[in-house]
Structure formats: C-alpha cells, structure tokens
Amino acid sequence: MKKLYAVFLLISISSFAQEIALVKYNGGGDWYANPTSLPNLIQFCNANIGTIIKPKPATVSPGSSDIFSYPYVHMTGHGNVVFNDAEISNLKKYLQSGGFLHIDDNYGMDQYIRKEIKKIFPNNSLVEIPATHAIFQKPFLFSNGLPKIHEHEGKRPQAFGIFIDSKLVLLYTFECDLGDGWEDPEVHNDPAGVREKALKMGANIINYIFNN
C-alpha cells in the first residue's frame, strides 16, 4: 500500500502542473487564515524557481485519500487543532510515503499542534533544524536559519522538524509567521524586504520538497 501511495505522489510531483493544498482541520482553529498566502507563494515560485504549480491551491482534509495527490500540504491558524484516529493514521501514511506537511504557527497554535504531532509520531520528537540544513541553503541562502517575519513576544524564530530516514517530512515553523509574509502587501503592511524574505524562504521549502 505504501508503494501505491508513493506512486501517487510521484505522479503529482512529475506531472506537467503540480498542485499543493491547504489542510482543513478540526478543533475550532482558523485553518482558513491567510487566504492570499499560498496563491502568492505559488506565483513567486513559478516566477523565480522554475516550478509549474497550479495557481489556486486545493483544500484537503487530513483524513482524505486525496492528500496523497499533493507533494506539499500546508497548515496554519491561531487556535485549536484536533486530529482523530483515522486522520492520524492517514497523515502518518502520507508522510511515510513521501508527502510533506508544513505547519506554520500563526500565533496561538503551538500548545495544540505539538500534542497532535506527537500522536502522529509518538516515537519521534520534533528537533530544531540547524541553519546548515539544505532547506536554508538553496535556492536562497538563509545563513542564520529561519527568518523573523512578524514580532509577537520577542522570541527568536525556530524551525522544527520530523525526519524519516534523514529526510525532513514535517516542518513546523514557530515564532516566524511565514504565511503572514506571503499575504498580499496591504494585509499586514509589511515592508517589501520582509515579504521578499518570507517568499524566498517559502520557495526554499518548495524547492526542497521537489528535489529530495
């Protein structure tokens, strides 16, 4: 079965037009936050790193078999997240089969999402990803690791991950708000340089997925 899932993902990655998706989760958190983020990231990647991704991201539930069609799925929000047993099993199979989950804490998600990640991988701990990791190296160099996009409590931005056989399959970005930096300029009135940093870091994530 894992081989079959892997074939689905390979087809998605190698087909003419790739597609990425936003995860619609349960628990009451605003999974729909940052509606312009993924479309802007897609546009940036298609223009700057040679990807061919459909301009409109899909929406997928964590328990759906459709998730295996997307090499990259994104989660964000400010509040509670709850995965049921079927969703936990499905997400684990997806990640073990070559899928990639990026969770971007939009501030307020941390206390909830860490518990749910532990349910997916009870024997794996989130580890901080060093600045020397490939995801920070190309195509854009971030010599200090994850950039700070929005300030909340004066904490440094951190990137955490779950690795399977040395490959990063789950990325959790914390105290950073990458997704806010991907949004339309008028949403947060971020300076152009801040938005550029966020989009470049997002492009690095997409590049890592499609080349590893």
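**Terms and their grounds**

Visitor: What makes Y72 count as buried or exposed?

Guide: The relative accessible area of Y72 is 0%. Buried means under 20% relative accessible area, exposed over 50% and partly exposed in between, with a 1.4 Å probe and protein chains only; Y72 is therefore buried. F100, at 3% relative accessibility, likewise counts as buried.

Visitor: On what kind of model do these values rest?

Guide: The model is predicted; local features need pLDDT of at least 70 and side-chain atom pairs count only at pLDDT 80 or more, while totals for chains, interfaces and linings use all residues. Residues are numbered from 1 along each chain as its sequence is written, and side-chain values use heavy atoms, with hydrogens and water left out.

Visitor: How many aromatic pairs are there under the rule?

Guide: The count comes to seven aromatic pairs. Rings of Phe, Tyr and Trp (its six-membered ring) pair if their centres lie within 6.5 Å; planes under 30 degrees apart count as stacked, over 60 as edge-to-face and the rest as tilted.

Visitor: Why is the pair of F68 and Y94 called edge-to-face?

Guide: The ring centres of F68 and Y94 are 5.9 Å apart and the planes stand at 75°, so the pair is edge-to-face. F68 lies in the loop between β2 (58-60) and β3 (72-77), and Y94 in helix α3 (residues 85-96), so the pair ties together parts 26 residues apart in sequence. Helices (H or I, at least four residues) and strands (E, at least two) are DSSP runs, numbered from the N terminus. F68 and Y94 are both buried.

Visitor: Why is the pair of Y72 and F100 called stacked?

Guide: For Y72 and F100 the centres are 6.3 Å apart and the planes at 15°, so this pair is stacked. Y72 belongs to strand β3 and F100 to strand β4 (residues 100-105), so parts 28 residues apart in sequence are tied together. Y72, F100 and Y208 form one aromatic cluster.

Visitor: How do you know that the charged end of R114 sits over the ring of F160?

Guide: A charge sits over a ring if NZ of Lys or CZ of Arg is within 6 Å of the ring centre and within 35 degrees of the ring normal. The charged end of R114 sits over the ring of F160, 4.8 Å from its centre. R114 also has its charged end over the ring of F174, 5.8 Å from the centre.
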